[in-house]
Amino acid sequence: MNQVREYRKQKQISQMELARRIGVARQTINLIENDKYNPSLELCLNLAHALGTDLNTLFWDGDEAK
């Protein structure tokens with residue numbers, strides 16, 4: 001499970017605004033937040049940058065490694 005929704009809400013950014021900032025459709029943000037879309041590395045980097053965090057924090061859950 002990724003942390004995109006949590007970070008977006010922390011920053012008080014709508015899905016539409018985040019999508020606009022990184023150049024994708026709002027539906028893409030929704031699909032990513034619901035783990036129904038596997039974004040490219042470039043898109044992951046853009047999301048992390050827009051949300052002020054890094055890839056590990058945003059997409060990697062330490063519990064999955066167990």
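Accessible areas here come from the Shrake-Rupley method with a 1.4 Å probe, and for residues only the protein chains shown count as cover. This is a predicted model, in which local features need pLDDT of at least 70 and side-chain atom pairs count only at pLDDT 80 or more, while totals for chains, interfaces and linings use all residues. Residues are numbered from 1 along each chain as its sequence is written, and side-chain values use heavy atoms, with hydrogens and water left out.

**View 1. The surface and extent of the chain.** The chain exposes about 4500 Å², of which carbon and sulfur atoms supply 47%. Along its principal axes, the C-alpha trace spans about 35 × 20 × 20 Å.

**View 2. The helices of the chain.** The chain holds five helices and zero strands, where helices (H or I, at least four residues) and strands (E, at least two) are DSSP runs numbered from the N terminus. Arg-8 lies in helix α1, which covers residues 4-10.

View 3. Arg-8 counts as buried because its relative accessibility is 9%, buried meaning under 20% relative accessible area, exposed over 50% and partly exposed in between (1.4 Å probe, protein chains only). Leaving aside neighbours within four places in sequence, Arg-8 is in contact (heavy atoms within 4.5 Å) with residues including Leu-18, Glu-33 and Leu-51.

**View 4. Polar partners of the Arg-8 side chain.** The side chains of Arg-8 and Glu-33 are joined by a polar contact of 2.5 Å, a term for a pair of N or O atoms within 3.5 Å; within protein, one must be able to donate a hydrogen and the other to accept it, and residues adjacent in sequence count only if both atoms are side-chain atoms. A polar atom of the Arg-8 side chain also lies 3.0 Å from the backbone oxygen of Ile-13.
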